[in-house]
Amino acid sequence: MRVTHVITRLIVGGAQENTIASVLGLRQKAGIEVNLMAGPSSGPEGSLESVVAGFPGLLTLVPALVRPIHPWKDSLAWRRLTQVFRASQPDIVHTHSGKAGFLGRLAAARAHVPVIIHTIHGPSFGPFAGPLANFLFRSAERRAGKVTTHFVVVADAMRRQYLDAGIGRPEIFTKIFSGFALGPCLSAVNSSEARASLGLKRDDVVVGKIARLFKLKGHADLLAAAPALVKACPHMKFLLVGDGPWRRRFEDQARALGLENHFVFAGLVPPSSVPALLGVMDVVVHLSLREGLARALPQALAAARPIVAYDCDGAREVCLDNETGFLLSPGDRAGLCDRLLRLARDPALRERLGRRGRQFVQPLFSAEIMVDHLHQLYRRLRP
């Protein structure tokens, strides 16, 4: 069985880590040949191309496959993908992300690929976008949906959103959680040396957030809540992991609030460094208004850290209220302050929620389980 995965960019991100783990894991299965196509990776989000560079012939770069809408480059990318599919004749084309998902599926249909699968890592339309953007993205997804054999969703929320938009049928959706290497997170420790390297003291209560520094990720709400939180809990610190176009803006806001000593901007780190950073966090917050199912949430739970999340998209599937953390309505800053202060003042509560979270994610989120489920789906669709 020959399978080609296609993704827009191999930047540092959950969808990209998922795709690489899937490709590398599937390569270990008997009777399956897997390769990967992607556009160029550049910018402050970093690149994961080096992860697959050691496997000769695995990655094919498509220079015209870029994230922004660009009619000329989009046409070139579609033609190139069609050409490659016709020449290599894969049994399955499996696409990821918006642009690659649209162009890749249309190219696969043009090349008469027997099975076309698309993974929905996050919503391309919704209340976070304006009317014109929603019209364009829904129209594009409906068009590509007509040639899609099967959808993989990382959370039930994605299935509901697509079905509500008239895309697909219930029987062609399968949920497969986005797995990762559990071991490093399970062994994460609260190292005093790691804390010291970040300027954190042993008795600081560290609220961590792992997300791109950009709009819709919820940093603004955390900054707005910070003055009241620090006033009530002076030894609370905020550790922000990630980079992005709005980093300077958030740094300036922290200074304007007089809280620059309470915010630590760790910057962009490789995925392998995330478990160590989770180890120094006491609580992990996720306040995004647009996310499929953020990888940071099950990773935090695997590290036995409680989570506080907005009830957006797939967050409720792992943030079980008062069981693995606290689930809040989007924009509930008062609730955010209340839950973080409760957790800051109650180490036993943090331990209870974290322990239950670890028990919850262990049987569900390993990379091996994800790969096994994908392989079973491939065999069912292409015996």
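The points below take up the basis of the model, its salt bridges and one surface patch.

1. Basis. The model is predicted: local features need pLDDT of at least 70, side-chain atom pairs count only at pLDDT 80 or more, and totals for chains, interfaces and linings use all residues. Residues are numbered from 1 along each chain as its sequence is written, and side-chain values use heavy atoms, with hydrogens and water left out.

2. Salt bridges overall. A salt bridge is taken as a side-chain nitrogen of Lys or Arg within 4 Å of a carboxyl oxygen of Asp or Glu. The count by this rule is 21 salt bridges.

3. Lys-99 and Asp-74. These two residues form a salt bridge whose closest N and O atoms are 2.7 Å apart. Lys-99 belongs to helix 4 (residues 98-110) and Asp-74 to helix 3 (residues 71-88), so the pair ties together parts that are 25 residues apart in sequence. Helices are DSSP runs (H or I, at least four residues), numbered from the N terminus. Lys-99 is buried at a relative accessible area of 12%, and Asp-74 is buried at 13%; here buried means under 20% relative accessible area, exposed over 50%, and partly exposed in between (1.4 Å probe, protein chains only).

4. Arg-333 and Asp-221. In this salt bridge the closest N and O atoms are 2.8 Å apart. The pair links distant parts of the chain, with Arg-333 in helix 13 (residues 333-345) and Asp-221 in helix 9 (residues 219-232), 112 residues apart. Arg-333 is partly exposed, at 39% relative accessible area, whereas Asp-221 is buried, at 13%.

5. Asp-252 and Arg-255. The closest N and O atoms of this salt bridge are 2.4 Å apart. Both residues lie in helix 10 (residues 247-256), and because they are 3 residues apart, about one helical turn separates them. Asp-252 is partly exposed at 36% relative accessibility, and Arg-255 is partly exposed at 43%.

6. A network. Salt bridges also link Asp-156, Arg-159, Lys-175 and Glu-317 in a network.

7. Nonpolar surface. Leu-132, Phe-135 and Leu-136 make a nonpolar surface patch of about 340 Å². Such patches are made of residues with over 30% relative accessible area and no salt bridge, nonpolar side chains (Val, Leu, Ile, Met, Phe, Trp, Tyr) being joined within 5 Å and like charges within 9 Å. Accessible areas come from the Shrake-Rupley method with a 1.4 Å probe; for residues, only the protein chains shown count as cover. Phe-135 is found in helix 5 (residues 131-145) and is exposed, at 55% relative accessibility.

Definitions and conventions. Helix = DSSP H or I, 4+ residues; strand = E, 2+ residues; numbered from the N terminus.
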